[in-house]
Amino acid sequence: MSLDLDTTFRPEPEQPDEVAPGIFRLTASNSGPMTFTGTNTYLLGTERVVVVDPGPDDERHLEAILRAIAGRPVEAILATHTHLDHTGLCAALKRATGAPLVAEGPHRTSRPLAPGEVNLLDAAADHAFQPDIVLGDGKALETAAGRILGIATPGHTANHMAYALDGHGVLFSGDHVMAWSTTIVAPPDGRMADYMASLDKLMGRTETLYLPGHGGPVERPAAFLRAMRTHRRMREQAILERVRAGDRLVSEMVAAIYRTTPKALHGAAALSVLAHLEDLCERGLLRAPQGVDLAGRFEPA
């Protein structure tokens with residue numbers, strides 16, 4: 001099953017676009033290799049509003065959100081996870097609206113750091129973020145826009161949370177499932193075993209429209225999730241085969257497996273390979289005598 005990615009999404013930055021009844025999307029002007037066309041902010045509701053992922057700390061984006069809110073009361077500000085391209089505006093939007101911040105919890109790594117280990121995505125993390133309301137897995141937030149369920153989906157980050165608009169078939173999938181790209185999973189910020197388990201978890205749900213943190217909607221999520229899981233297992237197998245063929249370094253595996261991928265994306269590819277290698281070592285299929293890191297050496301177990 002092939003993973004068909006959709007890179008045709010071309011939004012008008014900072015302009016509200018109704019993507020489902022009563023749900024508007026504004027895309028921030030922070031396009032880039034990791035953010036695609038920019039971070040998507042969603043507004044739910046008519047007379048009262050819920051905001052999902054305020055986006056980066058950008059005055060233009062804040063002004064666009066406030067214009068779209070148009071003076072209506074804001075019941076809650078939800079964050080799918082604590083990377084700054086999603087939560088950078090949380091504090092400013094809270095000051096402007098008085099609404100509480102809702103999330104799974106503050107930022108944390110997926111596991112303790114090994115001695116001397118560096119979190120490669122630490123600069124992207126919002127360590128200042130503190131939710132006013134901690135929404136646990138399966139817990140609900142009652143709003144005028146509807147009942148919002150928190151669906152814990154760790155993997156990209158330890159505190160990643162998707163939000164289901166109960167009874168509407170809509171899931172705000174953050175960076176866990178996106179139509180334009182596979183998700184970066186970089187240890188110790190994220191963890192591949194968690195990511196795969198979260199994919200399986202979503203496959204047991206029934207939402208028919210995913211609204212992600214970047215890019216356009218995922219309109220056939222059941223098939224897309226199956227393809228995404230197959231893609232990850234095929235990538236895992238390719239890494240195993242490279243190690244068994246004699247590759248020992250992440251850079252060697254990236255050069256072989258991602259030879260048709262633009263060089264500018266090889267850094268992100270290396271992080272993904274590292275996440276798979278960590279998972280394979282945890283499962284006893286590979287070993288890393290000097291430890292799991294980008295400069296480490298990997299061998300068959």
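1. Arg 48 has 39% relative accessibility, so Arg 48 counts as partly exposed.

2. A word on the basis. This is a predicted model, in which local features need pLDDT of at least 70 and side-chain atom pairs count only at pLDDT 80 or more, while totals for chains, interfaces and linings use all residues. Residues are numbered from 1 along each chain as its sequence is written, and side-chain values use heavy atoms, with hydrogens and water left out.

3. Salt bridges come next. The term means a side-chain nitrogen of Lys or Arg within 4 Å of a carboxyl oxygen of Asp or Glu. The structure holds 19 of these. One of them joins Arg 48 to Glu 75, at 3.8 Å from N to O. This pair links distant parts of the chain, 27 residues apart. Glu 75 sits in strand β5 (residues 74-78), and Arg 48 in the loop between β3 (40-44) and β4 (49-52). Strands (E, at least two residues) and helices (H or I, at least four) are DSSP runs, numbered from the N terminus.

4. Arg 147 pairs with Glu 142. Their closest N and O atoms are 3.0 Å apart, in a salt bridge. Arg 147 is partly exposed, at 34% relative accessible area. Glu 142 counts as exposed, at 56%.

5. Arg 191 and Glu 282 form another salt bridge, at 3.2 Å from N to O. The two residues are 91 apart in the chain. Arg 191 lies in the loop between β11 (170-174) and α4, and Glu 282 in helix α7 (residues 266-282). Both are partly exposed: Arg 191 has a relative accessible area of 23%, and Glu 282 has 40%.

6. Now the helix pair. The axes of α4 (residues 192-203) and α5 (residues 221-244) come within 10 Å and cross at roughly 155°. Axes are lines fitted to C-alpha atoms, for helices over the stretch in contact, with angles from 0 to 180 degrees between N-to-C directions. The helices are therefore roughly antiparallel, a label for angles over 145 degrees.

7. What makes the contact between α4 and α5? Contact means heavy atoms within 4.5 Å. From α4 the residues include Met 192, Tyr 195 and Leu 199; from α5 they include Leu 225, Met 228 and Arg 233.

Technical notes:
Parallel < 35°, antiparallel > 145°, perpendicular 65-115°, else oblique. Buried < 20%, exposed > 50% of the residue type's maximum accessible area, 1.4 Å probe, protein only.
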